[in-house]
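Thanks, everyone, for making time this morning. I would like to walk you through one model, taking it slowly for those who have not seen it before.

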Amino acid sequence: MQRTPHGSSGQSRAKQDADYIFHELTRSICPECKRVIDAQVIIQDNRVYMRKRCPEHGWTEALISSDAQMYVDSVKFNKPGTIPLEFSTQVDEGCPLDCGLCPEHKQHLCLALIEVNTGCNLNCPVCFANAGLGYSLTLDQVEEMLDRFVEIEGDPEVVQFSGGEPTIHPQLLDMVQAARDRGIRQVMVNTNGVRIARDDRFLEDLARMEPVVYFQFDGLRPETYRTLRGEDLLDIKLKALERMEKAGLDVVLVAAVERGVNLDEVGALVEFGLECPGVRGVVLQPVTHVGRHIAFDPLERVTIPDVIHGIVDQTLGRFVLEDFVPVPCCFPTCQVNSYVFVDGDNVVPLPRMLDVEQYLDYITNRALPKPPNAADVQKALEGLWSASAVAGTESTAGQFQCACGPGMDLGYELSHLKDHVFQIAIKDFLDAYTFNVKQVMKCCVGVLVPDGRAIPFCAYNSVGYREQVRRQLAVEQATARRTAGSREV
Ligand code: SF4
Ligand code: SF4
Ligand code: SF4
């Protein structure tokens, strides 16, 4: 579909109303050439679209939310940002070309990613990182990146090791230890689980380090894996999960969600996660159309409301729309969270126990009933509704108990309560079709780069930073290998 910029073709001389509402003007990039261009956000038939024109490649249009009411309502969850201790770049060309973080950035990093390599033991048709040949970081490089993270954050909250596939990096465990040595509170390892399913020794060593495992798990049908991962991985995934549970690891299931593939499985994924003893949460991510992806229609892409409606419709009354609340630390259209207290068959979403919305509504600031501990409850909810909230940790369990208040003792010590608090997160990462400067300027998820920069994740994926960093590191490593080879000769 290509909407004409002013509605109808103009045959009649009578003035006509546009068939859409102009919601706002922002900046984005051209999906073809990545040039920074203006973008209009418009609302039509309760759906929100981004429409933009590149002087060279013409008009493009993409769906950014399939529920305009939810999109517009989310704005009230926008919390003031926290400025990092240091910036790494100057303001020069303007956002998003100065990453980062540059002094115009509006939020610190709740979570930093370190992509330790580009190689992988799978070759998925859907891979935003476009895994393959490239680079593999050294332990020294990673230590310097962690030191920089500590400099810019002071007291960093979460680091996630990613790739490529980080478990095939020979020094991954030393890197996890290096993060722990620097006092970083939560360490996560992102993995497809293939090595975990097959390598006893590696699993034992990993379990000793106690990271939370961010486990790629897209569905419960072989066909889902054939489409998204290129082969039927269901048995390997189930085996890896069983082994992680036996090893005592806390696991978060992470699914890429694509229309016509597994959008009809999101409810089953949540139910499955709730039933698995070692699983502490489920993250559902509409497929980001960068790197490698399958053919898609930008006007029919999966958005956050599709996933929420999917969970509600597919879980037979277990959840309602109001159980899902936007995350205020980033721009609130980026992510929604929910938390569930699980005790045997008893499964209660936290938003049924207290009015989460009232505490996290920063714009309209509705009058709170102001119980004596209101400030503590708000702080606890801010912790839970943050990109730094890691399922399966005592800190998340503590915030959950604090939010419930002393009057609602959940009956568990923290070390056990963490096994009863289940997180559902839905994250809609930006790609070149949906890229919105307004969102990346307040992004709280950054990719650490060996040169000291921290680049907001969606800018890293969409604007061209990923390709630049990969080229540069690959060239540096090839040069270092050649130099070492000539010395040996
Ligand atoms: S995304 Fe943030 S760091 Fe990057 S250019 Fe924009 S304001 Fe600066
Ligand atoms: S999506 Fe993950 S597992 Fe698949 S090729 Fe990319 S990095 Fe590897
Ligand atoms: S990573 Fe993307 S989706 Fe997430 S907070 Fe940053 S800009 Fe928003």
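I will begin with the sheet and then turn to the packing of the helices.

Please keep in mind throughout that this is a predicted model. The sheet is an open one, built from four strands in the order S1-S2-S3-S4, and the pairing is antiparallel. Strand S1, residues 21-29, and strand S4, residues 58-65, stand at the edges with a single partner strand each, so one side of each has no neighbour in the sheet. From one strand to the next, the twist averages 25°. If we look at strand S3, residues 47-54, we find that S3 pairs with S4 in the antiparallel sense over seven bridges, and that cysteine 54 stands opposite glycine 58 in S4.

Let us move on to the helices. Helix H2, residues 139-153, and helix H3, residues 172-181, have axes that come within 10 Å and cross at roughly 25°, and because angles under 35 degrees count as roughly parallel, H2 and H3 are described as roughly parallel to each other. Their crossing is right-handed. On the H2 side the contact is made by Leu139, Val142, Glu143 and Leu146, and on the H3 side by Asp174, Met175, Ala178 and Ala179; of these residues, six are nonpolar, two are charged and none is polar.

H3 also packs against helix H5, residues 200-209, at an angle of about 5° and with the axes 10 Å apart, which makes H3 roughly parallel to H5. Here Leu173, Val176 and Gln177 of H3 meet Asp205, Leu206 and Met209 of H5, a contact with four nonpolar residues, one polar and one charged.

Key. Residues are numbered from 1 along each chain as its sequence is written. Chains are lettered from A and ligands numbered from 1 in the order in which they are written. This is a predicted model: local features need pLDDT of at least 70, side-chain atom pairs count only at pLDDT 80 or more; totals for chains, interfaces and linings use all residues. Axes are lines fitted to C-alpha atoms, for helices over the stretch in contact, and angles run from 0 to 180 degrees between N-to-C directions. Helices (H or I, at least four residues) and strands (E, at least two) are DSSP runs, numbered from the N terminus. Angles under 35 degrees count as roughly parallel, over 145 as roughly antiparallel, 65 to 115 as roughly perpendicular and the rest as oblique. A crossing is left-handed if the near helix is turned anticlockwise from the far one by less than a right angle, and right-handed if clockwise. Two residues are in contact if their C-beta atoms, placed from the backbone, lie within 7 Å. Ala, Val, Leu, Ile, Met, Phe, Trp, Tyr, Cys and Pro count as nonpolar, Asp, Glu, Lys and Arg as charged, and the others, Gly among them, as polar. Two strands pair if DSSP finds at least two bridges between them.
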